[in-house]
Amino acid sequence: KQWYQRRVAITAGRTQTGRNLRVHGNGSVDGNGGNGQLATFTVNVQGPGRYSFRNDGGHFLAVKFGRLCQTSNYGDPDAVFLLHLNADQSVSFEPQMMGGNFIGIKKNGHAKFGKFGKPSTRFYLNIV
């Protein structure tokens, strides 16, 4: 399935919350989203293997100053991610500006950074 340039929900791995990644307008990000505008994203191609994710509320998933947050600026380099495919068909998000780190979700839904392939860094892209 081609999920880029489509609307998707980004679901945290089954061993984590099993819920969707959510970007709030106040800048916070968590893994306790449902199917609303804060947890539904349009995938934008930013270059070869590089993508940005804008939720229906108009906020881009971003990493600034070492923390997961949001930005409203299209093309912001802090909002570009490299996606890595895992053996279970999940993907891991590597921030372009923080190579070697991967966004993750703790079991309580709080955002964190982790290592590639760890359960907390696995997400599923579901076309909505």
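**View 1. Strand 4 and strand 5 make a hairpin with two residues between them.** In the turn sits Gly49, with a positive phi of about 70 degrees. This is a predicted model: local features need pLDDT of at least 70, side-chain atom pairs count only at pLDDT 80 or more, and totals for chains, interfaces and linings use all residues. Residues are numbered from 1 along each chain as its sequence is written, and side-chain values use heavy atoms, with hydrogens and water left out. Strand 4 covers residues 41-47 and strand 5 covers residues 50-55; they pair in the antiparallel sense over six bridges. Two strands pair if DSSP finds at least two bridges between them. Look for Asn44, which stands opposite Ser52 in strand 5.

**View 2. Strand 5 also pairs with strand 8 (residues 81-85).** This pairing is antiparallel too, and has two bridges. Here Arg50 stands opposite Leu82 in strand 8.

**View 3. Phe102 and Phe116 form a tilted ring pair.** Rings of Phe, Tyr and Trp (its six-membered ring) pair if their centres lie within 6.5 Å; planes under 30 degrees apart count as stacked, over 60 as edge-to-face and the rest as tilted. The structure holds six aromatic pairs. In this one, the ring centres are 5.4 Å apart and the planes sit at 45 degrees, so the pair is tilted. The pair links distant parts of the chain, 14 residues apart: Phe102 is in strand 10 (residues 102-105), while Phe116 is in the loop between strand 11 (111-114) and strand 12 (123-127). Phe102 is buried, at 6% relative accessible area, whereas Phe116 is partly exposed, at 42%. Buried means under 20% relative accessible area, exposed over 50%, and partly exposed in between (1.4 Å probe, protein chains only).

**View 4. Four Phe rings gather in a cluster.** Ring pairs link Phe53, Phe81, Phe93 and Phe123 here.

**View 5. The whole protein chain has zero helices and 12 strands.** Helices (H or I, at least four residues) and strands (E, at least two) are DSSP runs, numbered from the N terminus. The radius of gyration is 13 Å, close to the 14 Å that the globule rule gives for 128 residues, so the chain is as compact as a globular protein of that length. That radius is taken over C-alpha atoms, and the globule rule is 2.2 Å times the number of residues to the power 0.38. Along its principal axes, the C-alpha trace spans about 35 × 30 × 30 Å. Buried residues make up 48% of the 128 residues.
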